[in-house]
Amino acid sequence: MMKADLSAHEAQIAERLDFFCKHPIFGILGPELLVQLRARSRVRDVARGTTVFAKGDPGSSLFAILEGQVKVISHSAEGKHAVFNLLNAGDIFGEIALLDGGERTADVVAVTECKVLVIERRDFLPLAHSRPDISQKLIEVLCQRLRNTSRQVEEVMFLDLSTKLARTLLRLADNTGSTKLALTQSEIAQLIGASRESTNKKLRDWENLNWVHMGRGEILLVDKKSLETVAGG
């Protein structure tokens, strides 16, 4: 291994250890187990638009996002698709299939250039079995995902377009830590369960009010205060 390659390799090892130490699930392992998990994990670079895994694929690994953003989507037999969630640096995904060994339940696609940490099921399960606190943390993650799904369904069913659109935009901004959202209008419409046409019209209205600015494949939140007022119903 050349010196430059060695330096890059060492940087990746340090990055993995730093991620594990700070993560709410992995950080509880302690130094010895962290070193073991770090040695058995690998870093994967994912280009924008790449499918990390598809619905129905074998669930043999857990993914943790080091850099970038991914979206969780599902396709219908008619070729339509719906966006279920957006995940960012520090989030994990693939935990359902990791725990039960079943098939992937949805597609995961890179929204931006991503760097993900891959932990194989065969390496992770022994740790989960030996440490009940890890299993507890995973249960908490799954419960939070269920709560988010329930809230999303309620918003789609019961809220008017303006309220659920404003809430979704603000929630995504909070999750990403940025007012610039790398999403198309179609993807926003899928998240809130509305037509692209009605979502586009509402966003254009808000752009005229200078609340948002729409670019190619992105939406910038300009006036969060006004959006918060609408989000309050």
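Of the chain's 233 residues, 41% count as buried, meaning under 20% relative accessible area with a 1.4 Å probe and protein chains only. This is a predicted model, where local features need pLDDT of at least 70, side-chain atom pairs count only at pLDDT 80 or more, and totals for chains, interfaces and linings use all residues. Residues are numbered from 1 along each chain as its sequence is written, and side-chain values use heavy atoms, leaving out hydrogens and water.

**Overall build**
- You'll find nine helices and eleven strands in the chain; these are DSSP runs numbered from the N terminus, helices being H or I with at least four residues and strands E with at least two.
- The chain is as compact as a globular protein of its length, because its radius of gyration is 19 Å, close to the 17 Å that the globule rule gives for 233 residues. That radius is taken over C-alpha atoms, and the rule is 2.2 Å times the number of residues to the power 0.38.
- Along its principal axes, the C-alpha trace spans about 55 × 40 × 35 Å.

**Contacts and charges**
- Take the contacts (heavy atoms within 4.5 Å) between residues at least 6 apart in sequence: 68% of them join residues at least 24 apart.
- The chain has 31 positive and 30 negative charges, and their mean positions sit 1 Å apart. Lys and Arg count as positive, Asp and Glu as negative, with His and the chain ends not counted; each charge is placed at NZ of Lys, CZ of Arg, CG of Asp or CD of Glu.

**A look at helix H7**
- Helix H7 covers residues 185-192, and six of its eight residues are buried.
- Those buried residues are Gln185, Glu187, Ile188, Ala189, Leu191 and Ile192.
- Just past H7, Gly193 takes a positive phi of about 70 degrees.

Notes: Buried means under 20% relative accessible area, exposed over 50%, partly exposed in between (1.4 Å probe, protein chains only).
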